[in-house]
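Dear colleague,

Please find the structure below, handed over for your review. My notes on what was found in it follow directly after.

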Amino acid sequence: MKEWAAANNVEFVYTPTYASWLNRIECHFGPLRKFVLEGSDFAKHQDLGLAIQAYLRWRNKNKRKAIILREQNKIKVV
């Protein structure tokens with residue numbers, strides 16, 4: 001992994017276990033859970049993948065909508 005990271009200009013940033021508030025990506029998982037996973041029952045992994053892709057397209061077009069910002073703000077990040 002270290003060789004791959006060095007070759008691809010990737011820097012690993014380790015965070016403590018049980019310290020999700022230190023991970024800046026965490027605030028994006030809350031809305032994903034709410035809008036894609038909550039109440040879902042996908043028959044296949046492919047269906048789940050397609051739903052996540054559709055959500056990401058919608059989210060990227062509507063990133064300033066209040067409903068998304070409200071969900072993101074529920075998760076506090078340092």
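**The loop between helix 1 and helix 2**

Asparagine 9 lies in the loop that runs between helix 1 and helix 2; helices (H or I, at least four residues) and strands (E, at least two) are DSSP runs, numbered from the N terminus. The model is a predicted one, in which local features need pLDDT of at least 70, side-chain atom pairs count only at pLDDT 80 or more, and totals for chains, interfaces and linings use all residues. Residues are numbered from 1 along each chain as its sequence is written, and side-chain values use heavy atoms, with hydrogens and water left out.

Although asparagine 9 is not a glycine, its phi is positive, at about 55°. Asparagine 9 counts as exposed, at 74% relative accessibility; here buried means under 20% relative accessible area, exposed over 50%, and partly exposed in between (1.4 Å probe, protein chains only).

Valine 10 is found in this loop between helix 1 and helix 2 as well, and counts as partly exposed at 33% relative accessibility. Neighbours within four places in sequence aside, valine 10 is in contact (heavy atoms within 4.5 Å) with Trp4 and Ala5. Phenylalanine 12 lies in the loop between helix 1 (2-7) and helix 2 (26-37) and is partly exposed, with a relative accessible area of 34%.

Both Val10 and Phe12 belong to a nonpolar surface patch of about 610 Å², which Met1, Trp4 and Tyr14 complete. Patches are made of residues with over 30% relative accessible area and no salt bridge, like charges being joined within 9 Å and nonpolar side chains (Val, Leu, Ile, Met, Phe, Trp, Tyr) within 5 Å. Accessible areas come from the Shrake-Rupley method with a 1.4 Å probe, and for residues only the protein chains shown count as cover.

**Helix 2 and its packing**

Helix 2 has 12 residues and reaches 15 Å from its first C-alpha to its last, close to the 16 Å expected at 1.5 Å a residue; the expected span is 1.5 Å times one less than the number of residues. Cys27, Gly30, Pro31, Leu32 and Val36 are buried in helix 2, and the buried residues of this helix pack against helix 3 (45-61) and helix 4. Glycine 39 follows helix 2 and has a positive phi, near 75°.

On the side of helix 3, isoleucine 52 is a residue of that helix and counts as partly exposed at 26% relative accessibility. Leaving aside neighbours within four places in sequence, isoleucine 52 is in contact with Leu32 and Val36.

Which residues does glutamine 72 touch, not counting residues up to four places away in sequence? They are Cys27, His28, Pro31 and Arg59. Glutamine 72 lies in helix 4 (residues 66-73) and is buried, with a relative accessible area of 12%. Its side chain makes a polar contact with the side chain of arginine 59 (3.0 Å). A polar contact is a pair of N or O atoms within 3.5 Å; within protein, one must be able to donate a hydrogen and the other to accept it, and residues adjacent in sequence count only if both atoms are side-chain atoms.

The count of salt bridges comes to one, where a salt bridge is a side-chain nitrogen of Lys or Arg within 4 Å of a carboxyl oxygen of Asp or Glu. Glutamate 71 forms this salt bridge with lysine 74, the closest N and O atoms being 2.9 Å apart. Glutamate 71 is buried, with a relative accessible area of 10%, whereas lysine 74 counts as exposed at 57% relative accessibility.

With kind regards
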